[in-house]
Amino acid sequence: MNLRGRHSTPGSGPAGHGPGGGEDTLWRPSDRLQARLNACLTALLLLALPTAAPAVGKAVYDTQLHTVRAQAADRHQVTGWLTAHPQGTPQSLSVTGARLDDAPVSWTDAAGRKHTSIAKVATGTPTGASVRIWVDRSGSVTDPPMPVESAVLTGWVAGGMTASALVVLSLGARAAVAAVLDRRRYAQWEAEWTELEPKWSRGPSS
């Protein structure tokens with residue numbers, strides 16, 4: 001309760017109004033302002049969530065899908081032969097979880113030209129075994145093209161992260177509004193106390 005007898009927290013009715021619809025005298029102007037700003041932030045959040053999050057997710061999906069199609073058009077598989085047994089510890093894992101090593105392979109392209117390069121092959125593949133490798137249009141060994149599922153997953157993740165960011169921003173804005181208004185309330189309380197404290201100190205007899 002502040003020094004003028006008004007309660008320090010909003011009343012039970014909607015912003016600035018009592019249960020009967022009239023003006024709630026327990027609400028300070030800052031309480032009504034805070035309630036209205038919070039209502040606006042909630043409305044903005046409810047409008048933004050079903051529009052911004054799907055829009056961002058679709059934009060990211062479209063971008064990734066373009067990459068998927070470009071890689072699929074640029075890359076193709078050829079059959080090569082392992083020219084030496086891979087040595088050392090596995091360097092990476094395939095999408096299926098198989099351990100892969102870097103090893104020298106050779107292959108012949110459609111024009112009859114022979115190529116030799118380093119490619120990732122399953123650990124334990126014997127020398128001379130045939131292996132399937134991905135190459136681009138220039139004949140260089142490359143990674144497999146991105147699967148469509150990866151574009152879908154990336155789009156969903158981007159949409160979810162956007163929704164989460166909107167919620168966090170809304171909560172942060174509400175906290176910032178409360179902090180600013182609380183500083184004003186504390187300053188008002190201090191000014192009121194400075195004005196009334198000397199009168200209370202003198203007592204009724206004075």
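## A tryptophan on the outside

Trp 156 counts as exposed because its relative accessibility is 68%, and the cut-off for exposed is over 50%. This residue is found in helix 2. Together with Val 148 and Val 152, Trp 156 forms a nonpolar patch on the surface. The accessible area of the three residues together is about 320 Å².

Please keep in mind as you look around that this is a predicted model.

## The chain as a whole

Let's step back to the overall layout. The protein chain contains 2 helices and 6 strands.

Of the 206 residues in the protein chain, 25% are buried. The accessible surface comes to about 13200 Å², and carbon and sulfur atoms account for 62% of that surface. Among contacts with a separation of 6 or more, 54% are between residues 24 or more positions apart.

## Helix 1 and its bend

Helix 1 runs over residues 29-74 and has 46 residues. From its first C-alpha to its last, helix 1 reaches 65 Å, close to the 68 Å expected at 1.5 Å a residue. Where does helix 1 bend? The bend is at Ala 48 and amounts to about 45°. A proline, Pro 50, follows within four residues.

Several residues of helix 1 are buried, including Ser 30, Asp 31, Arg 32, Leu 65 and Val 68. Leu 41 and Leu 45 are also among the buried residues of helix 1, and both turn up again in the next section.

Is Ser 170 buried or exposed? Ser 170 counts as buried because its relative accessibility is 10%, and buried means under 20%. Leaving aside neighbours within four places in sequence, Ser 170 is in contact with Leu 41 and Leu 45.

Strand 4 spans residues 114-122, and Val 121 lies in it. With a relative accessibility of 3%, Val 121 counts as buried. Which residues does Val 121 contact, leaving aside its neighbours within four places in sequence? Among them are Leu 82, Pro 86, Leu 100, Val 105 and Val 131. The contacts of Val 121 also include Arg 99 and Asp 101.

His 85 is 36 residues away from Val 121 in sequence. In space, the two are 9.9 Å apart, C-alpha to C-alpha.

Conventions
Residues are numbered from 1 along each chain as its sequence is written. This is a predicted model: local features need pLDDT of at least 70, side-chain atom pairs count only at pLDDT 80 or more; totals for chains, interfaces and linings use all residues. Side-chain values use heavy atoms; hydrogens and water are left out. Buried means under 20% relative accessible area, exposed over 50%, partly exposed in between (1.4 Å probe, protein chains only). Contact means heavy atoms within 4.5 Å. Accessible areas come from the Shrake-Rupley method with a 1.4 Å probe; for residues, only the protein chains shown count as cover. The expected span of a helix is 1.5 Å times one less than its number of residues. The bend at a residue is the angle between axes fitted to the seven residues ending there and the seven starting there. Patches are made of residues with over 30% relative accessible area and no salt bridge: like charges are joined within 9 Å, nonpolar side chains (Val, Leu, Ile, Met, Phe, Trp, Tyr) within 5 Å. A salt bridge is a side-chain nitrogen of Lys or Arg within 4 Å of a carboxyl oxygen of Asp or Glu.
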